[in-house]
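This report walks through selected local features of one protein model with its ligand. Please keep the sequence and the structure in view while reading.

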Amino acid sequence: MPARAPGPLRWSDVTPKATWINRRALLTGAVAGLALPVVARADVGRYSTDAAPNTLEEITNYNNYYEFGWNKDDPAAYAGALTTDPWAVSIGGLVDRPGSYDLADLIKGQPIEERIYRFRCVEAWSMVIPWQGFQLAGLLDRVGVQASAKYVAFETVYRPDEMPGQRGGGINWPYVEGLRLDEAMNPLTILATGLYGEEMPKQNGAPIRLVVPWKYGFKSIKSIVKITLTAEQPRTTWQELQPSEYGFYANVNPEVDHPRWSQATERRIGAGVFAGREETLMFNGYGEEVAALYAGMDLAVNY
Ligand code: MTE
C-alpha cells in the first residue's frame, strides 16, 4: 500500500506530464480506493508511444460525439446528462456465451492497462491520449467467438432523452461501427474505461468505448451497449452516410486523401499556432503491429 492516503484523484489536479508520471507510478502500484481496477503488469508501456500526451483539458474539451451536438465543445457541455450507471453491454451473434453483461461483470478479470496512444481524427487533427483499458481480444475470448464469425459490430447507446443530437437528423441513430475479426483481436485494439487514471469522462464515451489507434478516430465508437459477432461485414455510420468519403477500413493513410482534404499532415491539438503541422504516419505509426493485416489489399480501394 502506498504511504499516501488514497484520496480521490481529480481531473483538476491532472495537468502536466511530470505530475502525471508520478500518477502513473501510483497506478501501477495499485492505489486503493481508485474506482478503476488498474493492474500492474510487466508489459505496461509496451504498446505506448513516447510522445507527450495532450492535457486532460484538451482531451475533454475538443470532442466529436455527435449525439451531443456538432460542435467540438458540445460534448463537454451536454454529455453530463448521460446516465452511465447502471450500464450493460449485450453481446450476441456468433458467440458461445451471449448475454447482457453488466459493466462490472464485463470488465471482471480483464487486465486494465494504461495505453498512451496516438489518436488521429479523419478531420486531420490529432492528440496523444493516455487511456486505461483492456484488450478487446480478452473479452472476445471469454464469450467464445464461433468459427463462422468474421466481423465484430458495435452499437452506441440510443437514448434521445439524454442525447440531444439523437433527437435531430443527420445520422441514422444509433451510431454503429465495425471491425474485421482479426482487427478486433489485435492487441492494440482496446475497450477503454478511463483516461488519465480517471473513469472515462462522459464526453469521451463513458463508461466504455472502443479505441483502435491505427484507424481514423470515427472507428473508435463511444458508449457501447451492443457487440455482435457476424459473418457479414456490418454497416457503419459514416460509410452509410458518405461512402465515397469514409470506408469500412478507415486506416490512417497519408497517401490516400479524403476527397475534400489532404490526409498527408495533421494538426496536433494544443501544439500552438506556431508549431506547424506534423506529417501523418502510415497506420498512424502502428504499421509494425498492423500492416500484415492488410497484406495484398489495395488500400486506395479499401480506404
Ligand atoms: N462515437 C459515437 N457514438 N458518436 C460519435 O459522434 N465520434 C467519433 C468517435 N466515436 C463519435 C464516436 C469521432 S469522429 C472521433 S474523432 C472520436 O470518437 C473522438 O473521440 P474523443 O472525443 O474521445 O477524442
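## Backbone, rings and ligand

Pro207 sits in the loop between strand 8 (198–199) and strand 9 (209–211). The model is a predicted one. The peptide bond from Ala206 to Pro207 is cis, with omega near -5°. A cis bond also runs from Asp85 to Pro86, with omega near 5°. Pro86 belongs to the loop between helix 3 and strand 1 (88–93).

**Positive phi**

Tyr196 has a positive phi of about 50°, although it is not a glycine. Its place is the loop between strand 7 (190–195) and strand 8. Is Tyr196 buried or exposed? Tyr196 counts as buried, at 1% relative accessibility.

Ala124 is not a glycine either, and its phi is positive at about 70°. Ala124 lies in the loop between strand 3 (113–120) and strand 4. Its relative accessibility is 6%, so Ala124 counts as buried, the cut-off being under 20%. Which residues does Ala124 touch, leaving out those up to four places away in sequence? They are Trp261, Ser262, Gln263, Thr265, Glu266, Arg267 and Arg277. Pro254 is 130 residues from Ala124 along the chain, and the two C-alpha atoms are separated by 10.0 Å.

**Ala51**

Ala51 is found in the loop between helix 1 (17–28) and helix 2. With 23% relative accessibility, Ala51 is partly exposed. Beyond its neighbours within four places in sequence, Ala51 is in contact with Ile116 and Val128. Ala51 and Arg118 are 67 residues apart in sequence. From C-alpha to C-alpha, Ala51 and Arg118 are 8.0 Å apart in space.

**Aromatic pairs**

How many aromatic pairs does a search of the whole structure find? The search finds twelve. One of them joins Tyr62 and Trp125. Their ring centres are 5.1 Å apart, and 85° separates the planes. This pair is edge-to-face, because an angle over 60 degrees counts as such. Tyr62 lies in the loop between helix 2 (56–61) and helix 3 (74–78). Trp125 lies in strand 4 (residues 125–135), so the pair ties together parts that are 63 residues apart in sequence. Tyr62 is partly exposed, with 22% relative accessible area. Trp125 is buried, at 6% relative accessibility.

Phe283 and Tyr294 also pair. Their ring centres are 5.5 Å apart and their planes meet at 20°, so this pair is stacked. Phe283 is in the loop between strand 12 (278–279) and helix 8 (287–290). Tyr294 is in the segment after helix 8, eleven residues apart from Phe283. Phe283 is buried, with a relative accessible area of 5%. Tyr294 is buried too, at 3% relative accessibility.

Which residues form one aromatic cluster? Tyr66, Trp70, Phe218, Trp238 and Tyr246 do.

**Lysines over rings**

Lys72 lies over the face of Tyr62, at 5.7 Å from the ring centre. Lys219 lies over the face of Phe248, and its distance from the ring centre is 4.3 Å.

**Around the ligand**

There are 16 residues around the ligand. Which of them come nearest? They are Asn63, Tyr66, Glu67, Thr156 and Lys222. Tyr66 is also one of the residues in the aromatic cluster.

| Residue | Protein atom | Ligand atom | Distance |
|---|---|---|---|
| Glu67 | polar side-chain atom | nitrogen | 2.8 Å |
| Thr156 | polar side-chain atom | nitrogen | 2.9 Å |
| Asn64 | backbone N or O atom | nitrogen | 3.1 Å |

Glu67 and Thr156 each bring a polar side-chain atom, whereas Asn64 brings a backbone N or O atom. How much of the ligand does the protein cover? On its own, the ligand has 530 Å² of accessible area, and the protein covers 99% of that.

Definitions and conventions
Residues are numbered from 1 along each chain as its sequence is written. This is a predicted model: local features need pLDDT of at least 70, side-chain atom pairs count only at pLDDT 80 or more; totals for chains, interfaces and linings use all residues. Side-chain values use heavy atoms; hydrogens and water are left out. Rings of Phe, Tyr and Trp (its six-membered ring) pair if their centres lie within 6.5 Å; planes under 30 degrees apart count as stacked, over 60 as edge-to-face and the rest as tilted. Helices (H or I, at least four residues) and strands (E, at least two) are DSSP runs, numbered from the N terminus. Buried means under 20% relative accessible area, exposed over 50%, partly exposed in between (1.4 Å probe, protein chains only). A charge sits over a ring if NZ of Lys or CZ of Arg is within 6 Å of the ring centre and within 35 degrees of the ring normal. A residue is near a molecule or strand if one of its heavy atoms lies within 4 Å of it. A polar contact is a pair of N or O atoms within 3.5 Å; within protein, one must be able to donate a hydrogen and the other to accept it, and residues adjacent in sequence count only if both atoms are side-chain atoms. Accessible areas come from the Shrake-Rupley method with a 1.4 Å probe; for residues, only the protein chains shown count as cover. Contact means heavy atoms within 4.5 Å.
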